[in-house]
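Here is a short note for a colleague who is opening this structure for the first time. Please keep the sequence and the 3D view at hand.

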Amino acid sequence: MAQSAIPAPSAPQVSEITPISLKAIAPWAAFIGILALILLYFVGAEQGATALISGENVHEWVHDGRHLLGFPCH
Amino acid sequence: MNSISVRALLVRGMLAGLAAGVLALIVAYLLGEPRVDSAIAYEDGHSHEHGVELVGRTMQSTAGLATGVLIYGVAIGGIAGLAVCVALGRIGRFGPRATAALVSIGALIAVYVVPFLKYPANPPSVGDPDTIGKRTTLYFLMVALSVLLAVAATILGKRLAPRLGNWYATVAAAAAFVTAVGLAYAFLPAINEVPKDFSATLLWQFRLAALAIQATLWVSFGLVFGHLAERLLSPRPAAATTTGTTTGAATAAH
């Protein structure tokens, strides 16, 4: 987007890339989106504000990562 | 054809995320862990209600840290890989490498830097355990808001481009993003739970380390994923090249 405040020279350097249709991306996005959010939840928040598994083991195991990745932690 | 390239890009995104996670882990171990240890030493010198230690410090700072950072890298890599799939050919005349770099820098700002400036990372012993619910909600709210605003700004820039030209459309969209983020900062409640005698130097060093970890993660993700995506998507200069040195020639061609 930041390119060409100057009118584009006649021969573009990068050949035009055809966008991938959103329909083709949607099922992957839904599946991976949910999967990745679950993973991020366990790294970032489980046994903090909310807990699906009782105890403190998950929290203690990822404790340092949680602090250093910027998630709120105890 | 399309679906296959989405799958191939997704796999490469997660692999690039894993590689970026390894680099971020090195930074986290070298720059982050000494500050976590110092903060815990401060905590131990003060009131402190942790019971029995479930996981020892050695495990927390090695295997535990690696688990957290690597899972984070793979998860982020998958999502960012798909974001590049969407952005390819839609945000301007950029090839796969430049698109991956732009999306990664945008993600570093939207996913991390913007929320960090309002709710920065805190070392152990900073933060009242009783407010963890409120802090978690606000942090994730800030991340979600920031990502939505960044996507909205990108769409706005694209809409304005035919009228204003690419340069001024980008400037206008960025200005709209900054204004909206400023409003969110102003209206969301502040959190300040740093103990009075907690070392300011240590807090600064910890937060810098946290920023360095994320910068390493996103920049290396953008570079590695861009490289893999370019090899996947760009047609090789046909024939002529001897089998061995294709990659070098392809890189030089751009």
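Into which domains is chain B divided?

1. Chain B has domain 1 (1-42 + 62-126 + 194-233) and domain 2 (131-193). These bounds come from an automatic or database domain assignment. The model is predicted: local features need pLDDT of at least 70, side-chain atom pairs count only at pLDDT 80 or more, and totals for chains, interfaces and linings use all residues. Residues are numbered from 1 along each chain as its sequence is written, while chains are lettered from A and ligands numbered from 1 in the order in which they are written.

2. In chain B, the C-alpha centres of domain 1 and domain 2 are 19 Å apart. Domain 1 of chain B gives 11 residues to the contact and domain 2 of chain B gives 15 residues. Contact here means C-beta atoms, placed from the backbone, within 7 Å.

3. On the side of domain 1 of chain B that touches domain 2 of chain B, there are 8 nonpolar, 2 polar and 1 charged residues. Nonpolar covers Ala, Val, Leu, Ile, Met, Phe, Trp, Tyr, Cys and Pro; charged covers Asp, Glu, Lys and Arg; the others, Gly among them, are polar.

4. An unreviewed UniProt entry lists "transmembrane region" for chain B at several stretches, including residues 9-31 and 168-188. Such annotations may be inferred rather than shown by experiment. Residues 9-31 of chain B are 100% helix and 0% strand, with end C-alpha atoms 32 Å apart. Residues 168-188 of chain B are 95% helix and 0% strand, with end C-alpha atoms 30 Å apart.

5. Chain A has 3 helices and 0 strands, in the order α-α-α. Helices (H or I, at least four residues) and strands (E, at least two) are DSSP runs.

Notes. Two residues are in contact if their C-beta atoms, placed from the backbone, lie within 7 Å.
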